[in-house]
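Here is a short report on how two chains meet. Look at the structure first, then read on.

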Amino acid sequence: MTPSFKEGDHPHEHDHEHQAVPSDPALRVKALESLLVEKGIVDRAALDALVDTYENKIGPRNGARVVARAWIDPAYKARLLADANDAMADFGFLSRQGDRMMVVENTPNVHNVIVCTLCSCYPWPVLGLPPVWYKSAPYRSRAVIDPRGVLREFGLQLAEDMEVRVWDSTAELRYLVLPERPEGTERMSEDELAGLVTRDSMVGVSKVPPPAKVQS
Amino acid sequence: MGPVQYEKNEPVFHAAWESRVFAMFLAAGAWHKWNLDAFRHTREVLPPADYLEVSYYAQWFSGLQDLLVRRGLVTAAEIQSGKPAPGTVRATPPLTPEEIPAALSNRIRAQRNVPVAPLFRAGQRVRARNINPVGHTRLPRYARGKVGTVDRDHGVFVFPDTNAHFLGEKPQHVYSVCFAARELWGAQAPERDCVYVDMWDDYLEPA
């Protein structure tokens, strides 16, 4: 059912002045911040705390811990695949009733890739903010139509008989890839395993490389 | 579309102003004068050249200013002058530093605990409707008219097509729908590959 637009905003009511995108964003951003603080719309210390949270506190290390635990503990892995919110709540990253997470598992036969073709939806609580490449037009458009070509650019060549599943984050489900555990890690601790897991492997554009051989 | 440009060890923000835009978006959003769907739509109405050329956070800045004015938190005159209108009473910000951890753990809140019956079920063959709304939608063009299989029912969520325009939440079921790559892209696509797209009840019809 297409909306009738009799009430509420007309979708084109505002296609107008704001389209002139700033050439000197730094000054205009500073001016807006001053205005919002002066009006009491935002609290400056809250802004600082938000920046600190996403620069320093929330990032791919969160997702890496989830992956490492799933590799080590089959019961945890089963919980993670059945109800990611519940399993991730063990780490305190997100509420059990929070935004809906889904974990999709890579196997020898199936390789998963995550994209948001429509904008930049990304699993912030476990990966932090998305990198520019994930938000770029080439990735967004090519990941759905030619995922194998995109993966080749990332250095990953997949066998023809594998199944590639691309997950387009069109709704408020957020996806995390559970990459395959690399060879040569059988004796590693959960913390050591977490140290191996890369952001790119949890988006699905690469695999987790095996640990570097120690030079003795 | 060209190769994916990859920056090694990319910083979270490439300039301080980006981080301030990001933070202002979240903090001002705590007034609940708009929703995420409306914010997404502000990017969608940018002229194509701006959409492709202008940096991500500069687009966010544009959209944020637009919503602040349109939804009545600031006036266009205040944006121009950089100062509150004379006689403005200072408000109390709804988001304080102490509230931030709790606020972030339930960031979007699009799920709705309402008893809405699903129209489709796992395993069912469905066709994405060929709708082309003037306003906001989350039904990608590449899937319109295509046939897929419902993989699972995720439950009830706010419907973005109406919510973005403040026309109501219209909560309904969202499903992962699996589309074969060949169905979407033609016979040259790999046989086993598929694209999973999350779809609302209103986007689907039985196939």
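A:Arg165 stands opposite B:Cys194 in strand E4 of chain B. This is a predicted model, in which local features need pLDDT of at least 70 and side-chain atom pairs count only at pLDDT 80 or more, while totals for chains, interfaces and linings use all residues. Residues are numbered from 1 along each chain as its sequence is written, and chains are lettered from A and ligands numbered from 1 in the order in which they are written.

Strand E3 of chain A pairs with strand E4 (residues 194-200) of chain B in the parallel sense, over four bridges. Two strands pair if DSSP finds at least two bridges between them. Strands are DSSP runs of E with at least two residues; helices are runs of H or I with at least four; both are numbered from the N terminus. Within chain A, E3(A) also pairs with strand E2 (residues 110-115), again in the parallel sense, over six bridges.

Some bridge partners are listed here.

| Residue | Partner | Strand of the partner |
|---|---|---|
| A:Val166 | B:Val195 | E4(B) |
| A:Asn112 | A:Arg165 | E3(A) |

Seven strands form an open sheet with mixed pairing, in the order E2(A)-E3(A)-E4(B)-E3(B)-E2(B)-E1(B)-E5(B). E2 of chain A and strand E5 (204-206) of chain B stand at the edges, each with a single partner strand, so one side of each has no neighbour in the sheet. Neighbouring strands are turned by 35° against each other on average, direction ignored. Helix H8(A) lies across E2 and E3 of chain A together with E4 of chain B, and runs at about 150° to E2(A).

**The contact between the chains**

The contact takes 74 residues from chain A and 83 residues from chain B. Two residues are in contact if their C-beta atoms, placed from the backbone, lie within 7 Å. On the side of chain A that touches chain B, the largest share, 11 residues, comes from H1(A). That side has 41 nonpolar, 15 polar and 18 charged residues. Ala, Val, Leu, Ile, Met, Phe, Trp, Tyr, Cys and Pro count as nonpolar, Asp, Glu, Lys and Arg as charged, and the others, Gly among them, as polar.

**A helix crossing**

The axes of H2(A) and helix H1 (residues 16-29) of chain B come within 9 Å and cross at roughly 115°. Axes are lines fitted to C-alpha atoms, for helices over the stretch in contact, and angles run from 0 to 180 degrees between N-to-C directions. That makes H2(A) roughly perpendicular to H1(B), a term for angles of 65 to 115 degrees. The residues in contact include A:Leu47 and A:Leu50 of H2(A) and B:Ala23 and B:Met24 of H1(B). By class, this contact has eight nonpolar, one polar and two charged residues.

**A loop residue**

A:Gly184 sits in the loop between strand E4 (173-178) and helix H10 (190-196) of chain A. Is A:Gly184 buried or exposed? A:Gly184 is exposed, because 11 other C-beta atoms lie within 10 Å; exposed means 12 or fewer, buried 20 or more, and partly exposed in between, with C-beta atoms placed from the backbone. Leaving aside neighbours within four places in sequence, A:Gly184 is in contact with A:Pro210 and A:Pro211.

Key. Parallel < 35°, antiparallel > 145°, perpendicular 65-115°, else oblique.
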